[in-house]
Amino acid sequence: MMEKKEGVIMQPRLKRILLTLLIIALGIFFYGVFGRNTLLLSLDNDAVTLSGPESSSYSVPFSSIASMELRENFNPGKAVDGGVKNHIRYGLWQNEELGEYRLFASDKIGPVIFLRTAEGEMLVYNYESEQTTRSHFESFLDFLQQQGY
């Protein structure tokens, strides 16, 4: 009888342990997929900042923006100091058209925004979805014009 009681006691305990391990594994998985490996766009009082995987980020002051353009098809070229993580291209890249430039873009989203500075630097990015990228482009361009940039 003692063995039967131990078997009954062990089975719920084993289930709790396995459930706990499953929850921990799912937490690690979701952190890896949705945690620090996402693309963030922020507009503060005087700059646009893009942040990507591996603690990468790049800021452009509004006052140094010389031009903006929305492109539907873009060949990113190759990473110089950056890479691709969870479909996010980030860091310093190079292609024939632009030379070296900063890239923060999902490879799952077609359109990208070209933001050229007065100093000749280029930032290429997109955000969340095709529609969000297009909407951001239009509203950000309006904002810059209204602010006199």
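Reply: Two strands pair when DSSP finds at least two bridges between them, and strands (E, at least two residues) are DSSP runs numbered from the N terminus. This is a predicted model, so local features need pLDDT of at least 70 and side-chain atom pairs count only at pLDDT 80 or more, while totals for chains, interfaces and linings use all residues. Residues are numbered from 1 along each chain as its sequence is written, and side-chain values use heavy atoms, with hydrogens and water left out.

Me: OK, how many residues lie between β5 and β6 in their hairpin?

Reply: Two, and asparagine 86 in that turn has a positive phi of about 50°. Strand β5 (residues 78-85) runs antiparallel to β6, with seven bridges joining them. Look for lysine 78 opposite glutamine 94 in β6.

Me: Which strand does β6 form a hairpin with, with three residues between them?

Reply: That's β7. Eight bridges join β6 to β7 (residues 99-106), again antiparallel, and tryptophan 93 stands opposite tyrosine 101 in β7.

Me: Why is β6 largely enclosed by the rest of the structure?

Reply: "Buried" means under 20% relative accessible area, exposed over 50%, partly exposed in between (1.4 Å probe, protein chains only). Strand β6 (residues 88-95) has six of its eight residues buried, so the rest of the structure largely encloses it.

Me: And how do I read a polar contact, say the one made by the side chain of threonine 49?

Reply: It's a pair of N or O atoms within 3.5 Å; within protein, one must be able to donate a hydrogen and the other to accept it, and residues adjacent in sequence count only if both atoms are side-chain atoms. Threonine 49 sits in strand β2 (residues 47-51), and its side chain makes a polar contact of 2.6 Å with the side chain of serine 59. At 13% relative accessibility, threonine 49 is buried too. Over in strand β4 (residues 65-71) you'll find arginine 71, whose side chain has a 2.7 Å polar contact with that of glutamate 97.

Definitions and conventions:
Helices (H or I, at least four residues) and strands (E, at least two) are DSSP runs, numbered from the N terminus.
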